[in-house]
Amino acid sequence: MKYLDCFRFIASRRNNELVITSAGNSGQAWWEATRDTEASFYLDASMSLSTMFGSGLALALPHQKIWAFMGDGAFCMNPGMLMVERQLDLPNLVHFLVSNRGYGATSNADLPNAAHNDYSALARSMGLTRVFEFGELSELQTGFAQVVDPNVSGHTFVVLEVEPFSAADQKLEQPPFDAPELKYRFGRYVERTAGCNIFGYKL
Amino acid sequence: MGKQEDVARRIVEEFVRCDVKLIASLPDNWIAELISELDRDDRVRHVPVNREESAIGLCAGAYMGGMGSVALMGASGLMTVLYAITKINYSYEIPLLLVTTLRGAPGDHHKHHISNGLYLQPVLNAISLPYMIINEPEDLGTITRAYHHSRTFSRPTVVALTRDLLK
């Protein structure tokens, strides 16, 4: 499936989920699909930690749905994160593993063992049970309702097999924020919608 | 109550005083009693993590949801998280209290911690990461000061616990 088609579809099914993107193409694609300036945290500078960030957020806000995207390049740096995610088993967190089988943000450089990595099997080996895998847009469209089923009892892990960014895709705009501005835009949005206190003072 | 247990309890009380709800940790032998104490205390949620960087990510996310947190790890673990700290906490200006062990300092009997003795403090200085060393139980209030310092300046702060304090 085309990377951008996948993200545009997921964006079209979004309600009030908070979204975390990872370093590289997922931030670009989500920005292209949504132009969201408040309810998405573009965690550009942290390979392998977007779903840990999402887990912390989901722990703090148990009534808020969180979607966290991560490329497989980042995932391979810290696959043990799934042990922590399984242990926490947060029903309000969906981990989207965007598998383009390469280092997308680095000119699609080769990923070790790319052809053989079985991310769903890896997740199941760590005890995850709500594991989904979609290779075609039509499959994603059909199965997405199960992914976001509001009555789930545990953590959800979704492998999205996508084509790498094309040369034209690589030129898409990056989320343009300076990092502190993003922190405050997102944080103030969370304070407003969740009623929590992040920064210690209100404006 | 033994000294180790007393110190562990007092450290947990400092966390609670700061309204910390989440502690993400990787073990070090010096903080084994502290980790056990965290597991026994239902006022906080202790989350063992697979590697120290995961603790940095968890705590950053918790902060953005309004939850107080602490990353707890040994000195060697701290040396592995410079990328995560500088990329997340420095770039986005996200506070973090990081509690660690002052391995490799005089009194540490483990030869393999010589690297931490030589380089931990110079590395913290090199990245301008403020740290405070606690050597005596009566100084444990420093934890609360360090936590609030981190919040005030929107940067990480480290508290390093010595062997004399913990063992």
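## Strand 8 of chain A

In this predicted model, A:Arg130 stands opposite A:Thr156, a residue of strand 8 of chain A. The two strands involved, strand 7 (residues 130-134) and strand 8 of chain A, pair in the parallel sense over five bridges. Between them the chain passes through helix 7 (residues 137-147) of chain A, and this β-α-β crossover is right-handed.

Strand 8 of chain A also pairs with strand 4 (residues 93-99) of chain A, again in the parallel sense, over six bridges. Here A:Leu97 stands opposite A:Val159 of strand 8. Strand 8 of chain A covers residues 156-161 and is mostly covered itself, with five of its six residues buried. In a regular strand, side chains alternate between the two faces of the sheet.

## Helix 2 of chain A

Is helix 2 of chain A largely enclosed or largely open? Seven of the 10 residues in this helix (residues 25-34) are buried, so helix 2 is largely enclosed by the rest of the structure. The buried residues are A:Asn25, A:Ser26, A:Gly27, A:Gln28, A:Ala29, A:Trp30 and A:Trp31.

The cover over these buried residues includes helix 1 (3-12) of chain A, together with strand 1 (18-21), strand 2 (40-42), strand 3 (66-71) and strand 4 of chain A. Strand 4 of chain A is also a pairing partner of strand 8 of chain A. Just after helix 2 of chain A, A:Arg35 takes a positive phi of about 50°.

## Where chain A touches chain B

Contacts between the chains involve 30 residues of chain A and 27 residues of chain B. On the chain A side, helix 3 (50-60), helix 5 (81-88) and helix 9 (179-194) each supply at least two residues. Helix 3 of chain A gives the largest share, eight residues.

Sorted by class, the side of chain A that touches chain B has 20 nonpolar, nine polar and one charged residues.

## A buried leucine in chain B

B:Leu124 is found in helix 6 (residues 114-126) of chain B. Is B:Leu124 buried or exposed? B:Leu124 has 20 other C-beta atoms within 10 Å, and a residue counts as buried at 20 or more, so B:Leu124 is buried.

Leaving out residues up to four places away in sequence, B:Leu124 touches B:Leu129, B:Tyr131 and B:Val158. B:Gly77 lies 47 residues from B:Leu124 along the chain, and the C-alpha atoms of the two are separated by 13 Å.

Conventions. Residues are numbered from 1 along each chain as its sequence is written. Chains are lettered from A and ligands numbered from 1 in the order in which they are written. This is a predicted model: local features need pLDDT of at least 70, side-chain atom pairs count only at pLDDT 80 or more; totals for chains, interfaces and linings use all residues. Helices (H or I, at least four residues) and strands (E, at least two) are DSSP runs, numbered from the N terminus. A residue is buried if 20 or more other C-beta atoms lie within 10 Å of its own, exposed if 12 or fewer, and partly exposed in between; C-beta atoms are placed from the backbone. Two residues are in contact if their C-beta atoms, placed from the backbone, lie within 7 Å. Two strands pair if DSSP finds at least two bridges between them. A crossover is right-handed if, with the strands pointing away from the viewer, the path from the first strand over the helix to the second runs clockwise. Ala, Val, Leu, Ile, Met, Phe, Trp, Tyr, Cys and Pro count as nonpolar, Asp, Glu, Lys and Arg as charged, and the others, Gly among them, as polar.
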